[in-house]
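Please look at how the two ligands are held in this model. The questions below take each ligand in turn.

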Amino acid sequence: MSSKTQRKYDVVIVGSGAGGGMAGYVLAHAGLKVLMLEAGRHYDPTTETPMFNTPNQAPLRGVGTPEKPFGFYDATVDGGWQVPNEPYTSAPGSEFQWWRARMLGGRTNHWGRIALRMGPYDFKPRARDGLGIDWPMTYDEMAPWYDKTEELIGVFGSNEGLENTPNSSPGVLHAPPKPRGYELLTKKHCDRLGIPVIPSHLAILTRPINGRAACFYATDCGRGCSIKANFQSTTVLLPPAVETGNLDIRTGAMAREVTLGKDGKANGVVFVDKATGKDDFAPAHVVVLAASACETARIMLNSKSNQFPDGIANTTGLVGKYLMDTVGARLAGHIPMLENLPPHNEDGASGMHMYMPWWGYQQQAKNQLDFPRGYHIEFGGGRRMPHMGSVSWVPAMQKTYGRQLKEDARRYYGAVLNFSGRGEMIPNEDCYCEIDPDVKDKWGIPVLRFHWKFSDYELKQAVHMQQTFKQIIESMGGTIFGEAATEGSKCIYPGGAIIHEVGTTCMGDDRKKSVLNQWGQAWDVPNLFVTDGAPFVSNADKNPTLTILALAMRNCDHLAGLMKGGEL
Ligand SMILES: Cc1cc2nc3c(=O)[nH]c(=O)nc-3n(C[C@H](O)[C@H](O)[C@H](O)COP(=O)(O)OP(=O)(O)OC[C@H]3O[C@@H](n4cnc5c(N)ncnc54)[C@H](O)[C@@H]3O)c2cc1C
Ligand code: SF4
């Protein structure tokens with residue numbers, strides 16, 4: 001056993017991504033002695049990010065491969081749809097895809113930085129339409145935590161005062177970068193269709209703060225950012241937490257189970273030291289799980305004891321249940337109006353500068369839509385750094401070669417727009433994860449088995465997405481590639497594919513119907529907390545990470561208060 005883990009910490013945190021990084025930041029700044037266990041390797045974006053490499057310097061010109069699906073330069077140094085030696089399974093008839101990053105900072109190193117607040121409706125969905133589960137807090141309670149989180153991580157965007165698309169407090173947001181040409185063109189046409197197009201909210205600085213530079217529009221954020229202009233746990237949360245002297249990080253430490261003391265409280269975490277393959281133990285007064293929603297459920301389900309034969313804090317049997325992802329569908333098209341554009345500067349942050357928030361609340365109130373809840377639209381196009389296949393979607397490009405190919409590439413480059421819907425899924429009984437009774441990983445830890453079935457709500461929403469994208473593309477005089485689906489099953493992305501999986505340890509006000517209370521604290525084991533996406537009881541169309549961060553900040557502030565007050 002290493003000297004660090006022999007010591008008893010105030011808190012041991014499992015995971016260093018969005019939820020774990022924020023927990024470490026808040027608890028270390030509160031003066032608590034904290035140990036973080038991270039299964040992946042150490043990673044430092046300031047020295048490891050290939051900021052200025054061009055595609056031709058990479059194998060296969062940087063295109064995605066099974067090992068690096070998001071391209072050679074993607075920041076995920078260890079992980080992906082499959083993690084070697086760490087399988088998972090899907091029940092017969094179910095398809096679920098699970099993206100995992102095994103590295104310090106988890107998926108925050110390469111996430112899309114889309115940082116949208118949930119709105120007032122999103123916290124009380126059941127109260128509005130009778131479906132799903134309400135959150136045990138309101139938007140107004142969360143708003144100050146969103147402000148603090150946005151101030152800390154840095155988010156650009158604008159306040160538009162739209163329905164259920166909340167404003168931040170004055171001065172919180174950084175100014176958004178200027179829209180690009182194709183974004184303005186899309187806005188012009190969407191305005192006519194009644195679809196709002198507004199500046200996107202991305203966790204990217206456009207003014208320097210806290211020793212971090214403003215974005216200088218260098219390269220894809222998915223590679224990580226060596227100047228710390230975008231949000232990564234590894235640049236924004238972990239270094240200042242370590243500087244307090246209160247946070248120790250142990251990488252290569254794969255949590256196996258949370259152990260229970262005779263008093264019925266958690267007393268630490270057993271983990272595998274991946275370098276030696278041997279088990280080690282980290283004793284602590286409080287355990288915080290933030291290994292990502294499904295992995296947190298896995299650790300809890302694997303933490304069996306006489307008191308909790310079905311997994312720690314699982315007397316309700318709800319651990320693993322109500323797993324959700326985001327509803328996704330996509331359509332692209334060729335816009336002749338954008339052909340042969342003269343070379344022009346499309347500088348900007350690597351993501352989209354504009355997006356479409358959900359606009360259908362009033363239609364829904366009048367029963368004019370055949371699905372509940374809504375989706376926002378993320379769209380892309382333009383003439384930034386070309387990469388392999390940039391123009392191959394245009395049918396004419398698939399038939400030419402030589403000089404004609406070069407002329408066509410100049411002509412069509414930038415004339416393709418793609419639209420992606422990101423919509424709300426209602427939690428259902430058919431979507432959950434459990435321990436596979438037969439399969440174990442390299443370290444003998446039982447793995448997860450996924451069950452998945454979208455309901456008609458999601459399938460109908462996916463159809464609406466594709467029909468809307470077709471309408472937008474055609475209103476711009478464009479032609480869609482392929483067909484816009486009329487059946488949801490033909491166009492919806494599989495479960496997990498949008499990589500917004502949340503749920504599995506639902507929170508609530510009633511201990512018989514939830515695993516955690518509103519502070520992410522287990523009803524059954526009061527010194528066990530969860531700070532990743534597992535406590536979510538709905539998955540609004542807004543991408544989840546800003547809410548994971550804000551909730552982790554709020555709940556760890558509460559946890560620190562309990563510890564200082566001697567209540568834990
Ligand atoms: C390509 C991509 C684009 C995305 N874009 C967006 C976006 O634009 N906006 C958005 O809101 N979200 C986005 N997401 C999702 C976002 O990355 C996640 O919501 C967020 O990172 C989840 O935070 P987390 O702390 O729960 O998990 P993670 O960030 O995954 O961190 C979990 C950490 O726990 C560690 N861990 C796991 N198991 C163990 C164990 N047993 N023991 C010890 N450590 C363990 C992992 O190695 C990892 O470091 C995107 C994700 C991907 C992959
Ligand atoms: S676009 Fe900006 S924030 Fe993103 S990696 Fe490049 S410099 Fe950093």
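Q: Which residue places a side-chain N or O atom 2.7 Å from a nitrogen atom of ligand 1?
A: In this predicted model, 36 residues surround ligand 1, and the closest include Glu38, Arg107 and Thr545. Backbone atoms also approach the ligand, with an N or O atom of Ala18 lying 3.0 Å from an oxygen atom of ligand 1 and a polar backbone atom of Gly106 lying 3.3 Å from an oxygen atom of ligand 1. The side-chain N or O atom that lies 2.7 Å from a nitrogen atom of the ligand, however, belongs to Thr545.

Q: What percentage of the area that ligand 1 exposes when taken alone is buried by the protein?
A: An oxygen atom of ligand 1 lies 3.3 Å from a polar backbone atom of Gly106. Taken alone, ligand 1 exposes 1000 Å², and the share of this area that the protein buries is 95%.

Q: Which element gives the largest share of the shell around ligand 1?
A: The elements that give two or more residues to this shell include helix H2 (18-29), strand S2 (34-38), strand S8 (253-260) and helix H14 (545-564). The largest share amounts to three residues, and the element that supplies them is S8.

Q: In which cavity does ligand 2 sit?
A: Ligand 2 is surrounded by 13 residues, with Cys215, Thr219, Cys221, Cys225 and Ser350 the closest. By class, its shell comprises eight nonpolar, four polar and one charged. Ligand 2 sits in the second largest cavity.

Definitions and conventions
Residues are numbered from 1 along each chain as its sequence is written. Chains are lettered from A and ligands numbered from 1 in the order in which they are written. This is a predicted model: local features need pLDDT of at least 70, side-chain atom pairs count only at pLDDT 80 or more; totals for chains, interfaces and linings use all residues. Side-chain values use heavy atoms; hydrogens and water are left out. A residue is near a molecule or strand if one of its heavy atoms lies within 4 Å of it. A polar contact is a pair of N or O atoms within 3.5 Å; within protein, one must be able to donate a hydrogen and the other to accept it, and residues adjacent in sequence count only if both atoms are side-chain atoms. Accessible areas come from the Shrake-Rupley method with a 1.4 Å probe; for residues, only the protein chains shown count as cover. Helices (H or I, at least four residues) and strands (E, at least two) are DSSP runs, numbered from the N terminus. On a 1 Å grid over the protein atoms alone, a cavity is a set of points where a 1.4 Å probe fits but cannot get out, and a pocket is an open set with protein on both sides within 12 Å along at least five of seven lines; lining residues have an atom within 4 Å of a point. A molecule sits in a cavity or pocket if more than half of its atoms lie within 2 Å of its grid points. Ala, Val, Leu, Ile, Met, Phe, Trp, Tyr, Cys and Pro count as nonpolar, Asp, Glu, Lys and Arg as charged, and the others, Gly among them, as polar.
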